[in-house]
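Colleague: Before I rely on the labels attached to this model, I would like to go through them with you and hear what each one rests on.

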Amino acid sequence: MSHPPAPSPAGRGTRAPRPGGSAAVRSRRKVLAGIVAGTVAIAGLGWAVGTRLRSPADEAAARRPPEPSLITFPVTRRKLTSMVAVNGTLAYGSPLPVTLAGVVGGAGGGSAETQRVTRAPHPGKITEGSVLMEVNGRPVFALRGKVPMHRTMAPGTEGADVEQLQSALRRLGLGAPRTGVFDAATAAAVRRWYAGRGYVAQEPDLTVKQARDTLRQAVQSAEETLLTDRKALDAGRDVMPLKLRFDNAREDLRAAEGALEEEESRDLGPEETRQLEDLRRAVRTAEETALAADQALAAAKPEDDKRLLEMRASNARQDLESARAALADFGEQAEANRSKRLEDLRKALRLAQENIFTTEQALRQARQNSPLKLKIANGEKNVASARAILAEYMRTYGTGVPPGEIVFLPTLPARLDKADVKPGDTVKDKVATVTSSTFTMTGSVEVQEAKLLREGMKATMESSEGDDFPAVLSAVGEAARPPEDEKDKGAQTEGSTTGETGAIPVLLTPATGKDLRRMVDTPFTVKITVGATGGTVLTVPVAAVITSADGRPRVRVAPPDNGPGAGTPREVEVRTGLTADGAVEVEPIRPGTLKEGDRVVVSGDS
């Protein structure tokens, strides 16, 4: 069912609009909206332009840097260890160039210009008494000793080098003496040594023996000539009687000396000795008689004749005194007799001496007046000269050791590291390089670092493969410089010196040789500990420590809120200690004013 339309509001007592009124209203509203939109657009444009336009004061304010803040670092507690780093290459220690002191083979072995290697040195272990090499077929032995070989050792040679050779021969069990003189026993030990190694010790060759025989013949000829001339002189009629008198005078002198010596060696003669014994026996008998008489008198009984006993005792004492007086008189007389005999014998000796002096002078005068005098004098000089030349020659005659056949090395066993000659080469300079069996590493440090180093400091060797080995600093400075060849010395002289480069050599020795043989010639970095704190200590960066006007070190501790306007850092006076890795040990003068975790200023304004 349909309903009628609802009544409009106009039907509720209002007046109905006029025809055309609603369209006018809509037009006015559009105009108003356009005006408002335009105003808003103009205002937005003005605001945008205003935000981009600044005055000069605004520009200066915009460009001012922000207020700076402090750069700080926390105070830490840790153990500090100061180290010096050295780079070097591991090698065998104590390298020593080996040269020969002279010719090998002596007089029969050729000259220095013809010394040719017949067996070259072989790298490896060297023991005492072993053959280092051969030159012209002759051996070059290695012995332990500090005195270098520098001359031929031959019979009569003496000195520290000979004593050193004798010590080495004793160590080898060859029984050499300790005289320091190359005598017959030493020569015998040398011959046994060479023979035990399959060689023959150097003996005089044919030329040397011929020279010895020639000198001996010269002595014999001079002696024969002198003896002939003396016989001719003694055969003269004016000389023979004087010579006989001189011989008799010598016999008389010997007899006088013997008689005096015999008399001085004894106190009494045989007869006097017998008389002295009789007198001593008489004294003893008298003493016994006197003692018996005194005892009998002391033991007398009333009925005994006491006067008779007293008379016997008195007579016995008198007899004893007489015997003693006789003995004393004999001693004085015997001494007087001995003195007289000695005086007579001394007088006889003086006369014999005077006689021999007189006869010798007469004989000498007669010989000087002889025509053979000058010839005999010259003959005596010739004999003396020939004997002296032969003796000097014989001092060096016999078994010897040429200067090139021994090389004394300071330490044995050793290691031959490198041979510098090969078979066929002529020996001129260095023949080999030997080292010890221990390992070393050399390097260099700056002068300032060297001042911190001391022998015996502990170190750690670090290889590029990451292996670590303990080591010890053995030497600093010239003592650490390895031996150099003449060529190396020349190069160093022409180049820079230690003072110019500021490099100080150092020598390090591994604490153990285990596993190092395979790492010879391997580069290592060695860290030498030059100082360490006993435990953990407070540390700050080195840049955080400042020195005030009073010369005392301080650090500045930042406030907890380290930002712009956070406040001024407070200064804390400290005592500094070990420095390592850019950090320094500090201890506050006033306890509690600095602790772990505080932040100290290393840069920035206060």
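Colleague: Why does Glu251 count as partly exposed?

Modeller: This is a predicted model, in which local features need pLDDT of at least 70 and side-chain atom pairs count only at pLDDT 80 or more, while totals for chains, interfaces and linings use all residues. Residues are numbered from 1 along each chain as its sequence is written, and side-chain values use heavy atoms, with hydrogens and water left out. Buried means under 20% relative accessible area, exposed over 50%, and partly exposed in between, with a 1.4 Å probe and protein chains only. Glu251 has 46% relative accessibility, and therefore counts as partly exposed.

Colleague: What makes the contact of Glu251 with Arg254 a salt bridge?

Modeller: The term requires a side-chain nitrogen of Lys or Arg within 4 Å of a carboxyl oxygen of Asp or Glu. The closest N and O atoms of Glu251 and Arg254 are 2.1 Å apart, so the pair qualifies. Both residues lie in helix 6, three residues apart, about one turn of the helix; helices here are DSSP runs of H or I with at least four residues, strands are runs of E with at least two, and both are numbered from the N terminus. Arg254, with a relative accessible area of 47%, is partly exposed as well.

Colleague: How do you know that Asp247 and Lys243 are separated by about one helical turn?

Modeller: They are four residues apart in helix 6 (residues 240–264), which means about one helical turn between them. Asp247, at 23% relative accessibility, is partly exposed, and so is Lys243, at 26%.

Colleague: How many salt bridges does a search of the whole structure find?

Modeller: The search finds 29, among them the one between Glu277 and Arg284, whose closest N and O atoms are 3.6 Å apart.

Colleague: Why is Thr72 called buried?

Modeller: Its relative accessible area is 14%, which is under the 20% limit, so Thr72 is buried. Thr72 is located in strand 1 (residues 71–74), and its side chain is joined to that of Arg599 by a polar contact of 2.8 Å. A polar contact is a pair of N or O atoms within 3.5 Å; within protein, one must be able to donate a hydrogen and the other to accept it, and residues adjacent in sequence count only if both atoms are side-chain atoms.
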